[in-house]
Amino acid sequence: MSSLHRGRKSYLRSHASKSLVLELPRSRNLQSSKVPSSRLGRLFHYGGLAASLGYGAASELLRRSTAGSDDQAPASLMLTEGNIKRLVSKLTQMRGAALKLGQFMSIQDSHVLPPEVEDIFRRVQDSAHYMPDWQMEQVMRDALGPSWMDNFDSFERLPFAAASIGQVHSAVLTAAASPTGKPAPVAVKIQFPNIVNSIDSDLGYVKMLLTAGRLLPPGLFLDRTIQVMKEELADECDYTREASFLRRFGQADHLGADSRFKVPWVWEGSTDRVLVMEHVGGVSVGDAVIDRLSQRDRDDIATRIVELCLRELFVFKAMQTDPNWTNFLWNSRTRQVELVDFGATREYSKEFIDNWLHLLSAAVSEDRDACVKWSLKLGYLTGEENEIMLDAHVKSMMLLGTPFKASTPQPFKFGVGSAWADITADIRAQIPVMLKHRLTPPPRETYSLNRKLSGAFLLASRLNASVDCQSLWNKVVEGYRFDPHEQ
């Protein structure tokens with residue numbers, strides 16, 4: 001295996017294979033290894049992982065039996081430090097759906113998983129191997145033809161990022177290929193071979209590993225979670241679909257006429273497995289740059305992200321649902337938020353948005369009966385729940401609506417020591433209750449929707465930002481027109 005470590009004055013980088021960033025040098029090591037592309041090959045790797053985990057568990061059992069009681073030992077024989085390292089190593093090598101599930105669960109701020117499982121997913125969030133050059137070349141030839149390099153003045157053979165379903169290279173389009181008519185810096189996202197065909201089997205293997213040790217609470221409804229993940233991942237593996245959303249959000253009736261946002265253009269030669277998009281010059285709004293941002297910048301970024309969430313839901317009815325903060329780039333020169341990841345975009349029906357806005361409005365106005373009514377309509381509740389479950393569900397919804405309430409002082413402060421910190425702690429306190437008493441999984445649309453909303457609030461908290469949430473709510477929601485039949 002070779003390692004990739006590049007540092008120069010400025011360079012493109014990406015997080016989770018999609019967030020295209022120009023930022024200051026950063027030390028990062030990526031490893032090269034062949035992507036197992038056949039089902040048999042992937043089964044071999046997962047079978048080897050299961051065997052090694054079993055060996056690790058047996059060794060731990062023997063250690064405990066000979067060492068006597070140990071109050072500090074993990075509850076599960078499977079989740080020893082050695083086995084956690086084995087899992088992280090294999091998931092980063094395998095890429096695909098298993099790694100994506102790890103990234104998906106690691107960015108949740110819900111604290112519903114055992115700490116050891118959270119640790120696994122957190123470690124794999126920013127880890128992956130990249131394809132060796134010969135395998136990358138094969139993918140590019142299959143996607144763009146044997147003369148694919150004719151489209152580029154230059155192409156960096158080593159990727160600057162790799163993650164669950166692909167890796168990203170920096171390049172320069174030729175003037176003839178560029179939509180600008182001039183050579184244009186671009187980021188080239190290349191999908192790992194046969195990743196889309198491995199989704200079902202990969203998630204099946206991961207489910208087996210998670211359930212074998214009875215590591216997850218039943219209220220998570222793992223089967224539903226995995227089914228939703230299968231559908232979402234299949235969409236994310238279609239780069240043609242992602243390109244269509246990049247173009248849609250770049251139009252004037254979406255964000256194209258809003259000078260506060262920037263959506264990069266897409267090269268027309270992109271395919272379902274290779275996506276080429278304009279390079280943008282912002283920096284990822286992650287931990288590394290937060291200390292360099294002024295309070296004005298922090299407030300502006302958070303305000304735009306929260307407003308964008310509301311517009312995506314109640315105006316566009318299409319939302320980019322990956323809340324990873326490195327998907328939102330801040331360009332201090334143009335004062336724009338640059339949006340570069342649309343693979344996780346979900347569309348919602350008018351009926352669903354009507355009902356969900358009714359529910360959120362009921363939560364904002366603290367109307368308990370209306371919260372229950374619209375929760376039943378949406379499918380959050382069955383009507384057979386006990387009062388403990390109803391109270392926990394309604395309280396969590398009302399807490400979520402707190403920033404938008406008329407009685408809440410504005411601008412609303414997020415971050416350490418703020419009212420939101422207390423609110424999130426209170427929401428977390430309801431989670432074990434709901435996991436114990438929940439009778440049905442949440443509506444499938446809400447998996448991605450809640451992920452994005454909670455991620456937006458988490459980003460605002462990381463920025464220690466203040467946002468006039470009530471004004472944003474009034475600006476976007478007051479103009480909403482319900483279907484008269486849904487009243």
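Modeller: We can take a sheet, a helix and an aspartate in turn. Keep in mind that this is a predicted model.

Colleague: Sheet first. In what order do the strands of the open sheet run?

Modeller: The order is β10-β15-β14-β12, four strands with mixed pairing. β10 (261-262) and β12 (283-284) are the edge strands, each pairing on one side only.

Colleague: And β14 with β15, parallel or antiparallel?

Modeller: Antiparallel, with four bridges between β14 (residues 328-331) and β15 (residues 336-339).

Colleague: Switching to α14. How many residues does it have, and how far does it reach?

Modeller: Helix α14 covers residues 387-400, so by count that's 14 residues. From first C-alpha to last it reaches 20 Å, close to the 20 Å expected.

Colleague: Is α14 mostly covered or mostly open?

Modeller: Mostly covered. Ten of its 14 residues are buried, including Met389, Leu390, His393 and Leu400.

Colleague: Which helices do those buried residues pack against?

Modeller: They pack against α12 (350-364), α13 (368-378), α15 (419-437) and α16 (444-462).

Colleague: What happens at the start of α14?

Modeller: A side-chain oxygen of Asn386 comes to within 3.2 Å of the backbone nitrogen of Ile388.

Colleague: Last topic, Asp300. Where is it?

Modeller: Asp300 lies in helix α11 (residues 295-316).

Colleague: What does its side chain make a polar contact with?

Modeller: The side chain of Arg335, at 2.8 Å. Separately, Asp300 and Arg260 are 40 residues apart in sequence, with their C-alphas 9.6 Å apart.

Key:
Residues numbered from 1 in each chain as written. Predicted model: local features only at pLDDT ≥ 70, side-chain atom pairs only at ≥ 80, totals over all residues. Heavy atoms only, no water. Pairing = 2+ DSSP bridges. Helix = DSSP H or I, 4+ residues; strand = E, 2+ residues; numbered from the N terminus. Expected span 1.5 Å × (residues − 1). Buried < 20%, exposed > 50% of the residue type's maximum accessible area, 1.4 Å probe, protein only. Contact = heavy atoms within 4.5 Å. Polar contact = N/O pair within 3.5 Å; in protein donor to acceptor, adjacent residues only side chain to side chain.
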